[in-house]
Amino acid sequence: MSAISTNTNSFRRQTRTLSITSGKGGVGKTTVVANLATMLSRMGSNVLILDGDLGMANVDIMFGTRCKYSLKELLNGTRRIDEVITQIEPRTWLIPGGTGFQELQNLSEREKRILLDQMSSLKQHFDYMLIDTAPGIDNNVMYFNTSAQEIYVVVTPDPSSFADAYALIKVLHTYHHEKKFSIIANQVRDEQEGMAVFQRLSDVSQKFLFVSLDYLGCIPADVGVRRATKSQQIFVKSAPESLAAHAIKRISEKISTSQNPGQMKGGIQFFWEQLMGVA
Ligand SMILES: Nc1ncnc2c1ncn2[C@@H]1O[C@H](COP(=O)(O)OP(=O)(O)OP(=O)(O)O)[C@@H](O)[C@H]1O
Ligand SMILES: [Mg+2]
């Protein structure tokens with residue numbers, strides 16, 4: 001891994017921690033994470049991706065590479081963070097997920113300490129940490145989502161994706177007291193369909209949970225996206241003029257100009273402490 005130049009202001013800027021999650025599987029989380037990371041880094045930010053899909057970790061595959069070590073080796077103490085973290089683009093780094101994980105909260109005190117010490121030894125400054133989660137509402141997914149500062153739910157027009165997104169929001173709100181959710185409508189026919197999916201989800205969340213959702217935008221269904229995944233390409237790079245790439249650009253601009261939600265749950269260290277249950 002190569003070092004990056006330190007910014008004199010870096011100690012003052014906090015890393016924004018964003019989880020990208022969904023109720024249903026296969027809606028496009030990993031695709032969104034990989035392309036958002038690439039776009040945000042092109043816009044000048046340093047981005048760290050944490051592959052939090054501990055069952056099917058595959059962010060590295062999407063970037064056309066296969067990482068040797070993962071979060072797993074970091075936790076069992078056989079590898080240091082600088083051996084696990086991988087630079088995949090000039091301003092993009094990845095902490096690969098491992099497979100065969102136990103529940104994060106069941107980690108021993110020693111494992112938690114190792115992870116926290118290792119994370120605090122990271123010298124780079126990251127403007128964003130994007131966390132790609134597994135789908136659903138299992139405990140590890142909850143830990144990642146509740147530890148992140150901002151929760152982005154990916155939903156498609158498919159009715160089961162809609163129902164599962166609502167179920168996820170309900171659990172995060174009812175049992176974990178999360179109040180702020182941003183919605184990305186993926187694989188939509190057009191802007192209108194994206195807005196309609198959001199509106200429906202927003203209406204039921206408002207009516208039954210008294211939670212209002214933010215709309216981050218939509219990404220059209222595009223055969224080029226699927227093709228890019230198959231050939232392990234990032235479509236904002238391989239098809240920069242596609243509608244999907246323009247959509248990612250708009251969403252990235254919206255994220256970068258949106259207000260950092262402040263000190264609450266802010267910063268990378270806080271994220272890891274929350275995740276380990278030691279905050
Ligand atoms: N906007 C889109 N248009 C067309 N295909 C898409 C779009 N977004 C994602 N896909 C395709 O959907 C498939 C699933 O995408 P991806 O792996 O990103 O989903 P996921 O939510 O991460 O899945 P999992 O829940 O299994 O982790 C991939 O083949 C991807 O190319
Ligand atoms: Mg995925």
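A nonpolar core is a set of buried Ala, Val, Leu, Ile, Met, Phe, Trp, Tyr and Cys residues joined through side-chain atoms within 4.5 Å. Buried means under 20% relative accessible area, exposed over 50%, and partly exposed in between (1.4 Å probe, protein chains only). The views below show a predicted model, in which local features need pLDDT of at least 70 and side-chain atom pairs count only at pLDDT 80 or more, while totals for chains, interfaces and linings use all residues. Residues are numbered from 1 along each chain as its sequence is written, chains are lettered from A and ligands numbered from 1 in the order in which they are written, and side-chain values use heavy atoms, with hydrogens and water left out.

**View 1. The largest nonpolar core has 36 residues.** The members that touch the most other members are I20, I49, L130, I219, F235 and I255. Helix α1 (residues 29-42) gives the most to this core, with seven residues. Helices (H or I, at least four residues) and strands (E, at least two) are DSSP runs, numbered from the N terminus. Contact means heavy atoms within 4.5 Å. Not counting residues up to four places away in sequence, L130 touches L18, I20, V33, L36, A37, V47, L48, I49 and L50. Another core, of 28 residues, lies apart from the largest one and includes L71, L75, I95 and L104.

**View 2. Strand β1 spans residues 16-21.** Six of its six residues are buried, so β1 is largely enclosed by the rest of the structure. In a regular strand the side chains alternate between the two faces of the sheet. In β1, R16, L18 and I20 point one way and T17, S19 and T21 the other way. Two strands pair if DSSP finds at least two bridges between them. β1 pairs with strand β5 (residues 128-133) in the parallel sense over five bridges, and S19 stands opposite I131 in β5. β1 also pairs with strand β6 (residues 150-155) in the parallel sense, over four bridges. Here L18 has E150 in β6 as its bridge partner.

**View 3. Strand β2 covers residues 47-52.** β2 is mostly covered, with six of its six residues buried. V47, I49 and D51 lie on one side and L48, L50 and G52 on the other. Strand β4 (residues 92-95) pairs with β2 in the parallel sense over four bridges, and I95 in β4 stands opposite L50. β2 and β5 run parallel and are joined by six bridges. The bridge partner of L48 in β5 is M129.

**View 4. The largest pocket has a volume of about 530 Å³.** On a 1 Å grid over the protein atoms alone, a pocket is an open set of points with protein on both sides within 12 Å along at least five of seven lines, whereas a cavity is a set of points where a 1.4 Å probe fits but cannot get out; lining residues have an atom within 4 Å of a point. Grid points are joined across faces, edges and corners, and a volume is the space filled by probe spheres set on the points. The pocket is lined by 25 residues, and G26, V27, G28, T31 and Q187 lie nearest its centre. The elements that give two or more residues to the lining are α1, β7 (181-188), β8 (214-220) and α9 (223-230). The lining divides into 11 nonpolar, 10 polar and four charged residues. Ala, Val, Leu, Ile, Met, Phe, Trp, Tyr, Cys and Pro count as nonpolar, Asp, Glu, Lys and Arg as charged, and the others, Gly among them, as polar.

**View 5. T31 is in helix α1.** T31 is buried, with a relative accessible area of 15%. Leaving out residues up to four places away in sequence, T31 touches M62, V225, T229 and F235. T31 and A228 are 197 residues apart along the chain, and their C-alpha atoms are separated by 9.6 Å.

**View 6. T156 is in the loop between β6 and α7 (159-174).** T156 is buried, with a relative accessible area of 8%. Apart from neighbours within four places in sequence, T156 is in contact with V27, S161, F162, N186, Q187 and V197.

**View 7. H177 and Q232 have a positive phi.** Most residues other than glycine have a negative phi. For H177, phi is about 60°. H177 is in the loop between α7 and β7 and is exposed, with a relative accessible area of 57%. Phi of Q232 is near 55°. Q232 lies in the loop between α9 and α10 and is partly exposed, with a relative accessible area of 37%.
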